[in-house]
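Open the structure in your viewer and get your selection tool ready. We will go from stop to stop.

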Amino acid sequence: MILSRRHVLWSGMALLALPRSAGPAWADDEGPIDIVMHGNVDGSHVWFDPVGIAILPGRTVRWTNRDPGNAHTATSYHPDNFQHPLRIPKDATPWNSDYLLPDESFSVVLAVEGVYDYFCIPHEHAGMVGRIVVGRPGSIPKENVSSAQPQGTKPIPEAAAHGFPSVEEIVQQGTIRRT
Amino acid sequence: MSLRFATAAAAFAALTLPAFAADQVEKAPPSGPYKKVSELVKLPDFLPGLGQLYVDPKTLPAGPFLAYDHNGRLVSTIYMLPLDDLSNKDKKFDDLASPGGKVDHVSVSYNAGHPGVEKPHTHVVLWHVAKPEEARVAK
């Protein structure tokens, strides 16, 4: 059985009906949710840590570059960002951190419930992408799970398309880490 | 060989050599068209493992990039070759020069990308120093 991305995402959305205790990242802390940009010494591998996370609406997400030898961005998938496809809720505000040098940070507040996909501009082709699921368990409106490839937008590089953890994983585990 | 022919040959050679052959590159900053990479794109001034880089913007993305240690001494010449180009049968990289002179050894490694060369590519590093001296740019 071949599932479309929308179908897979919607299968995952059903999991949001799980009890709040099912996912450790439905955090109640008031501080920012930290996502770190990493790279190995020779620049052959780069990644967001965590690569997937589930948070409550209204939380601040903060990206910090901890890669001493490279610059990174946190850039939402949105037509306003270099004609990339819309992969955040349609009513959400797109963001682009621009290049962050080592130890620089960038923050956004994610208030609209849904699934947010983002990428690093110089490393999208190397698969440096991340996903944030924003919502209260069971409450994410289906129109905020975007997956279509609108006309006029750039296709996602293969490495990036394979870099997103599934919504199911994120909802079940709360935080997804890869190194 | 007549004197006239020798003079003509020398003049021809001078005209056809790469422009950077006459540039001072041993110490940073190099003379000629080279610009500091961190002033062209948003990158750290000193890249661990590579050093402080200079490049002639006209030669991007391949380079050559000149890499210097913390004391401004040349350690390597680097070419950055996009993987897309390396797998393109119609693309060639011929006559890549070594403006830094004698090459001690060569390292080739994959790089995921960075500002200036935003796609996965290969770093071809022509080291002008012995292997133990690579430590000069390690951090």
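Keep in mind that the model is predicted.

**Stop 1: chain B.** Select chain B and colour it by secondary structure. Which order do its elements follow? From the N terminus, they run α-β-α-β-β-β-α-β-β. That gives three helices and six strands. Chain B has 139 residues, and 32% of them count as buried. Now think about contacts between residues at least 6 apart in sequence: in chain B, 50% of these join residues at least 24 apart.

**A rule to carry along.** Most peptide bonds are trans, and most residues other than glycine have a negative phi. The next stops depart from that pattern.

**Stop 2: Pro61(B).** Stay in chain B and select Leu60(B) with Pro61(B). The peptide bond between them is cis, with omega near 5°. Pro61(B) sits in the loop between strand 2 (52–55) and strand 3 (65–68) of chain B.

**Stop 3: Pro50(A).** Switch to chain A. Select Asp49(A) and Pro50(A), which are joined by a cis peptide bond with omega about 0°. Look for Pro50(A) in the loop between strand 2 (46–49) and strand 3 (52–55) of chain A.

**Stop 4: Phe82(A).** Go to the loop between strand 5 (75–76) and strand 6 (105–110) of chain A, and pick Phe82(A). Its phi is positive, near 60°, though it is not glycine. Is Phe82(A) buried or partly exposed? Phe82(A) is partly exposed, because 14 other C-beta atoms lie within 10 Å.

**Stop 5: Asp103(A).** Select Asp103(A), in the loop between strand 5 and strand 6 of chain A. Asp103(A) is no glycine, yet its phi is positive, about 75°. With 10 other C-beta atoms within 10 Å, Asp103(A) is exposed.

Notes:
Residues numbered from 1 in each chain as written. Chains lettered and ligands numbered in written order. Predicted model: local features only at pLDDT ≥ 70, side-chain atom pairs only at ≥ 80, totals over all residues. Helix = DSSP H or I, 4+ residues; strand = E, 2+ residues; numbered from the N terminus. Buried ≥ 20, exposed ≤ 12 C-beta atoms within 10 Å, placed from the backbone. Contact = placed C-beta atoms within 7 Å.
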